[in-house]
Amino acid sequence: MQPKLLIKGSIDRILALLKALIVCDFPVTIRVDDNEQIRSAVLSSKMCHNLSIQIADKPELNNFDALLYLPDIEFYNPKLTDANQIAEDMRPEIDNLRDVINDCVSNGFRGKIIINAPHDEIFAYFAAGFSGLNNQNIIGVGTLPQEMLLKNELLRNFDVSADDINVNVLGLNTNNLVAWSRVYIGPATLLSYLADDSNNYSSDIIGQVQQVIDDPDVVTNQMIQSKALIRLLISMYEGQSLICSVVSVDKEKDELKLDMSPKLINRNGAAQAIRLQLSEDEQKKLNQDLGWANEIITAVINGGKDASKN
């Protein structure tokens, strides 16, 4: 039986994902809330053999595999770094998240929660608290879109097979960090490959590729985000497991903590964290990102009163 997914959030973002799923005829059954714009997507899905889109106002949710939450992203400002203000801008969507999760759980939902949005680490943290579900079932898409972009850019430059490229994009989807020392072309690191006098490639490639994945429009590009979501669904429901830097939440001594290390993603959700050996500078940057995310979380919890300015 194919997986059953519930999609909630911004109508525009839901439509963008549905269109992508319709084009690839992804083998999944989707339930969405009734909306005039959604009905057009439902009609389009009649052309699909594998994909089924259904409208249901109050479905019984005990047999649903996952909730995909796609909040409105009007709150996102890539130039804003003040944790207090970010929390204030995000708070309405965090409140919406609480309402959605409470409604779903009260109707029997016990599946996975997958979140795709700028600052999805903040949403994942509160989703874990609101739902009370197993932490490995709470997943933010994280930097998977940037990882996919990085891999494709390297494929174009080096003209090798996808199996020969191994990349890691860490940190936050709003402030990513490429672990260049962990990027491999075949058996060698990219850095050692570029340092070899016999190679035909310029080290400028790193700067050019970094510029592509650092583009803030990547975070809000609906097609890029939809493709990353579909890749995540493939790893969870099509048997093609994936190691990527999604966001998850750990629980230590009844306290929730963000975990932004790469994860093994399979049918069990975020099944296992992969701890990378990073340089001192890379680890420092990751710690700063995590500290910033925790400042935003604190500001949301405290009504924006106690967060310091980044």
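In which loop is the place of Asn168? In this predicted model, Asn168 lies in the loop between β7 (165–166) and β8 (169–172), where helices (H or I, at least four residues) and strands (E, at least two) are DSSP runs numbered from the N terminus. Residues are numbered from 1 along each chain as its sequence is written, and side-chain values use heavy atoms, with hydrogens and water left out. Because the model is predicted, local features need pLDDT of at least 70 and side-chain atom pairs count only at pLDDT 80 or more, whereas totals for chains, interfaces and linings use all residues.

Asn168 is buried, with a relative accessible area of 10%; buried denotes under 20% relative accessible area, exposed over 50%, and partly exposed the range in between (1.4 Å probe, protein chains only). Apart from neighbours within four places in sequence, Asn168 is in contact with Glu147, Leu177, Val178, Ala179, Arg182, Val183, Pro262 and Leu276, contact meaning heavy atoms within 4.5 Å.

The protein has an average pLDDT of 90, and 95% of the residues score at least 70; pLDDT is the predictor's confidence in each residue, from 0 to 100. Over residues 304–310 the pLDDT is below 50, and this stretch has 16 contacts in the model beyond near neighbours in sequence.

An open sheet of 6 strands has the order β3-β2-β1-β4-β5-β6, with parallel pairing; two strands are taken to pair if DSSP finds at least two bridges between them. Strands β3 and β6 (138–140) stand at the edges with a single partner strand each, so one side of each is left without a neighbour in the sheet. The twist averages 25° from one strand to the next; axes are lines fitted to C-alpha atoms, for helices over the stretch in contact, and angles run from 0 to 180 degrees between N-to-C directions.

Within this sheet, strand β1 (residues 4–9) is joined to β2 by 3 bridges, in parallel, and Leu5 has Ile30 as its bridge partner in β2. Helix α1 lies across β1, β2, β3 and β4, running at about 145° to β1. Strand β2 (residues 29–32) is covered on both faces, with Thr29 and Arg31 buried on one side and Ile30 and Val32 buried on the other.

Strand β2 is also joined in parallel to strand β3 (residues 52–55), by 4 bridges. Thr29 stands opposite Ser52 in β3, and the bridge partner of Ile30 in β3 is Ile53. A right-handed β-α-β unit is formed by β2, helix α2 (residues 36–44) and β3. Strands β1 and β4 pair in the parallel sense over 5 bridges, and Ile7 has Leu68 as its bridge partner in β4. Helix α3 lies across β1, β4 and β5, running at about 160° to β4.

In soluble globular proteins, nonpolar side chains tend to be buried together. Here, the largest nonpolar core has 43 residues, and those with the most contacts inside this core are Met90, Phe109, Ile113, Ile122, Phe123, Phe126 and Ile296. A nonpolar core is a set of buried Ala, Val, Leu, Ile, Met, Phe, Trp, Tyr and Cys residues joined through side-chain atoms within 4.5 Å. Two or more residues each come from β4 (66–70), α3 (83–106), β5 (112–115), α4 (120–131), β14 (255–259) and α10 (280–301), and α3 gives the most, with 9 residues. Leaving aside neighbours within four places in sequence, Phe123 is in contact with residues including Tyr69, Phe75, Met90, Ile94, Leu97 and Ile115. A second, separate core of 38 residues includes Ile14, Leu17, Leu242 and Val246.

A further open sheet, of 3 strands, has the order β12-β15-β16 with antiparallel pairing. Its edges are β12 (242–244) and β16 (269–273), each with a single partner strand, so one side of each is left without a neighbour in the sheet. Neighbouring strands of this sheet are turned by 35° against each other on average, direction ignored. Strand β12 is joined to β15 (residues 263–266) by 3 bridges in the antiparallel sense, and the bridge partner of Cys244 in β15 is Lys263. Helix α9 (residues 222–237) lies across β12 and β15, running at about 70° to β15.

Notes:
Right-handed = clockwise from strand over helix to strand, strands pointing away.
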